[in-house]
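The entries follow the order in which I looked things up.

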Amino acid sequence: MEISKKIKLMVNSFIVHVTLLGLRKALIYLIQKHILYKKQLELNLKGYKYPIYLRNHTSDIRVFGQIFISGEYANTVVNNNPMVIIDCGANIGLASIYFKFHFPDVKIYAFEPEISNFKML
């Protein structure tokens, strides 16, 4: 990938982080992730009641990016009002958190067989 495309992706990602976290918290998150290499990262997303915890240098970061930064589930929340969501292979529960935010009255059942991921649920 050429440098200008990489820079554009990084800038767009930063803008989304600022939108989700606010400028100060986005900077703290990025410093903890890329400079301090913290093992566990705490994110307090705007509008979310509880913090989200991610394990640095794991798939948690990629999954968070797919769900919250890239908005992979954004189309599923339009004109839907589910009563129950079953999250099989829930990983650390990021999709469940996302859907609970958009559907506060939904009942979510999250299942995860891998023990280290399950402990993060």
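**Layout**

I counted the secondary structure elements and found five helices and four strands in the protein. The model is predicted, so every value below is computed from it. Along the sequence I read the pattern α-α-β-β-α-β-α-β-α.

**Size and surface**

Along the principal axes, the C-alpha atoms fill a box of roughly 45 × 35 × 30 Å.

For the accessible surface I noted about 8300 Å², with 61% belonging to carbon and sulfur atoms. I also noted that 33% of the 121 residues count as buried.

**Charges and contacts**

I listed 15 positive and 8 negative side chains. The centres of the two sets lie 8 Å apart.

Among contacts with a separation of 6 or more, I found that 44% join residues 24 or more positions apart.

**Core**

I then looked up the largest nonpolar core, which holds 25 residues. Tyr-29, Leu-45, Leu-54, Phe-64, Phe-68 and Leu-94 touch the most other members. Two or more residues each come from α1 (3-21), α2 (23-34), β1 (40-43), β2 (52-55), α3 (59-69) and α4 (94-102). The largest share, six residues, is from α3.

Which residues does Leu-54 touch, leaving out those up to four places away in sequence? I found Tyr-29, Lys-39, Gln-40, Leu-41, Leu-43, Asp-60, Ile-61, Phe-64, Ile-92 and Leu-94.

Definitions and conventions: Residues are numbered from 1 along each chain as its sequence is written. This is a predicted model: local features need pLDDT of at least 70, side-chain atom pairs count only at pLDDT 80 or more; totals for chains, interfaces and linings use all residues. Side-chain values use heavy atoms; hydrogens and water are left out. Buried means under 20% relative accessible area, exposed over 50%, partly exposed in between (1.4 Å probe, protein chains only). Contact means heavy atoms within 4.5 Å. Accessible areas come from the Shrake-Rupley method with a 1.4 Å probe; for residues, only the protein chains shown count as cover. Lys and Arg count as positive and Asp and Glu as negative; His and the chain ends are not counted. The place of a charge is taken as NZ of Lys, CZ of Arg, CG of Asp or CD of Glu. A nonpolar core is a set of buried Ala, Val, Leu, Ile, Met, Phe, Trp, Tyr and Cys residues joined through side-chain atoms within 4.5 Å.
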